[in-house]
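Hi,

Here is the structure I said I would pass on. Have a look at it first, and then read my notes below.

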Amino acid sequence: MRWSRSLIPTFREVPADAEIVSHQLMLRAGLVRKLAAGIFTYLPLGWRSISRVATIVREEMNRAGAQEINMPVLQPAEIWQESGRWSDFGRELMRLRDRHERDFALGPTHEEVITSLVRNTLRSYRQLPQNLYQIQVKFRDEIRPRFGVMRAREFVMKDAYSFHVDDESLDHTYRDMHDAYSRIIERCGLDFRVVEADTGVIGGAESHEFMVLATNGESEILSCSTCGYAANAERAELRLPQTGSEATSTTPEEVSTPGKRTVEEVSGFLGLQPSALAKTLLFKVGERDVAVLVPGSRDLNEAKLARLAGTPILRMLEDAEVRKLSGADVGFAGPVGLPPQTAIWADRSLEGERDFVTGANRTDAHLRGVRPQRDFQVERWGDLVLARAGDTCPRCDGRFESSRGIEVGHIFKLGTKYSEKMSAAFLDDGGRERPYVMGCYGFGVSRTVASAIEQNYDDDGIRWPRAVAPVDVLIVPVNVTAPAIREVAETLHEELSAAGVEVLLDDRDLRPGAKFKDADLIGIPTRVTIGERGLREDKLEIRNRRTGEVQVHPRSELAGAVLESLRRENAD
């Protein structure tokens, strides 16, 4: 591969619209170019890295017994309507109509397609289990595409789906996929952590995320150093002590709080701690109005609320809706005196004989001495608040520590969610019809490339882990017009290529400084420099981009030294 004949458009300036390091460097190093918001073209070096990750994924999936297939990107609305996700998935589903005005979606995931395939193909328990996967472009109409390929509208993903006779069989495949994903990320040379996760719009009973650790990671990871429990912030369970104040009131007392809407304003005005307040947040859950109560010192976790509701279809009421339901402006709603059809759900830390301050359902007023189950009835209790660093671990008495991560893999135990809704069944050994027990397993191929950069860079550019680097070796002839230098560079290029090494020869007629700047920017793991002084002294340099280590070898040993260096790194 020769630089002069390759499309590698590098530049020095940091793009103004690139928010994180991986986005900046993928643009500057000529890996991608933006076509529209969240839509990118992968240039030769970028696609080489994508292909290398895909190869690792394919090898480990095959090793785990999965079979590769390829499913349609264009999916008819009917199967999404069967599963209920045509409405549940929300606006991220890319919808379109064909010339006959029939509704379709561009696949963000393929649970419906694979379930439709299997229900029409497999009928007997003797044909199970099956694990089928594909590596394909996916589409999601992100409300705000950002972070380059990290949260794009079009991305490369591996998705797998398994079918089983029972939960025990699913458990075996789930563990196999857990191990396969761990091997994939280890082979990519990345530090990661596996955490408990929310199942979201995919659904199911259990799921785990595979997080590449990175300072700029979009997800917060909470982990306990004592027992090892780890989860993303959306999923993390916690044990909160009881909040509120000691029960002393006999009835609620209304107090004037003119213009005091927020927890901080009300608690400061009344001289109380925020934990003495109970926030009332009004939601529409399906067709029901629901008042959700959480301690004033904590934030609501909407993922936990969706789990308690048993549906992702929920939204916070608009200002006008709040006024209509509560009779007061936003900031003054409370659980006492709401219309009787309004359900009240509350965080468990509000249970017990405790008094709280709540909104009075009258603008510019709050109630003191409000007590749950005396002054209002709670229909459902649950863990509803967002966990944070310093909270007590739910499994032991340790404390949560916080770190950041990038989700590259997510595995789910779906159970019979899709098979029951889509009438996908098999005949068991007694001739009875039973729904398939399913699992699904997603891995972000393009995300992994960006994650590798987020974890491996310096002020000069990318420092690729070798397994996912676009090429293995960069040869830099300092003066390409000098016959002796060019001859050595060309010969080394041929020798390494013949040995199966991916090589890029920088045969451009540029100043050495410009070549070295580009070399550090694109971050190829091994750089061989061929200059006049090195040839004259028969001491040619091999430099490791990640460590900065420089080895010097005579020309006669150069190819062998490079191959030995690659062999040692691969062995490690």
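What follows is a short tour of what I found, going from the overall layout down to single residues.

Before anything else, keep in mind that this is a predicted model.

**Layout**

**An enclosed strand**

Have a look at strand E10, residues 206-213. Six of its eight residues are buried, so the rest of the structure largely encloses E10. E10 runs antiparallel to strand E9 (residues 192-196), with five bridges joining them. One example is valine 195, whose bridge partner in E10 is glutamate 209. E10 is also joined to strand E22 (residues 400-415), again antiparallel, by eight bridges. There, leucine 213 has glycine 405 in E22 as its bridge partner.

**Aromatic rings**

There are seven aromatic pairs in the structure. In one of them, the ring centres of phenylalanine 163 and tyrosine 436 are 5.6 Å apart and the planes meet at 85°, so this pair is edge-to-face. Phenylalanine 163 belongs to strand E8 (residues 154-164) while tyrosine 436 is in the loop between E24 and strand E25 (437-444), so the pair ties together parts that are 273 residues apart in sequence. Both phenylalanine 163 and tyrosine 436 are buried.

Tyrosine 436 also pairs with phenylalanine 426, this time in a tilted arrangement with 5.4 Å centre to centre and 40° between the planes. Phenylalanine 426 lies in strand E23, so this pair ties together parts that are 10 residues apart in sequence. Phenylalanine 426 is buried too. Put together, Phe163, Phe426 and Tyr436 make up one aromatic cluster.

The charged end of lysine 413 is over the ring of tyrosine 174, 5.0 Å from the ring centre. Likewise, the charged end of arginine 508 is over the ring of tryptophan 3, at 3.9 Å from the centre.

**Aspartate 428**

Where does aspartate 428 sit? Its place is the loop between strand E23 (425-427) and strand E24 (433-435). Aspartate 428 has a relative accessible area of 5%, so it counts as buried, the cut-off being under 20%. A polar atom of its side chain lies 2.8 Å from the backbone nitrogen of glycine 430. Leaving out residues up to four places away in sequence, aspartate 428 touches Tyr125 and Arg434.

Most residues other than glycine have a negative phi, and most peptide bonds are trans. Here are some places to check against that. Leucine 128 and proline 129 are joined by a cis peptide bond, with omega about 0°. Proline 129 is in the loop between helix H5 (111-119) and strand E7 (130-139).

Phenylalanine 147 is not a glycine, yet has a positive phi of about 65°. You will find phenylalanine 147 in the loop between E7 and E8, and at 18% relative accessibility it counts as buried. Asparagine 361 also has a positive phi, about 60°. Asparagine 361 is in the loop between strand E19 (354-359) and strand E20 (365-370), and counts as buried at 12% relative accessibility.

Happy browsing!

Key
Residues numbered from 1 in each chain as written. Predicted model: local features only at pLDDT ≥ 70, side-chain atom pairs only at ≥ 80, totals over all residues. Heavy atoms only, no water. Helix = DSSP H or I, 4+ residues; strand = E, 2+ residues; numbered from the N terminus. Buried < 20%, exposed > 50% of the residue type's maximum accessible area, 1.4 Å probe, protein only. Polar contact = N/O pair within 3.5 Å; in protein donor to acceptor, adjacent residues only side chain to side chain. Contact = heavy atoms within 4.5 Å. Phe/Tyr/Trp six-rings, centres within 6.5 Å; stacked < 30°, edge-to-face > 60°. Lys NZ or Arg CZ within 6 Å of the ring centre and 35° of its normal. Pairing = 2+ DSSP bridges.
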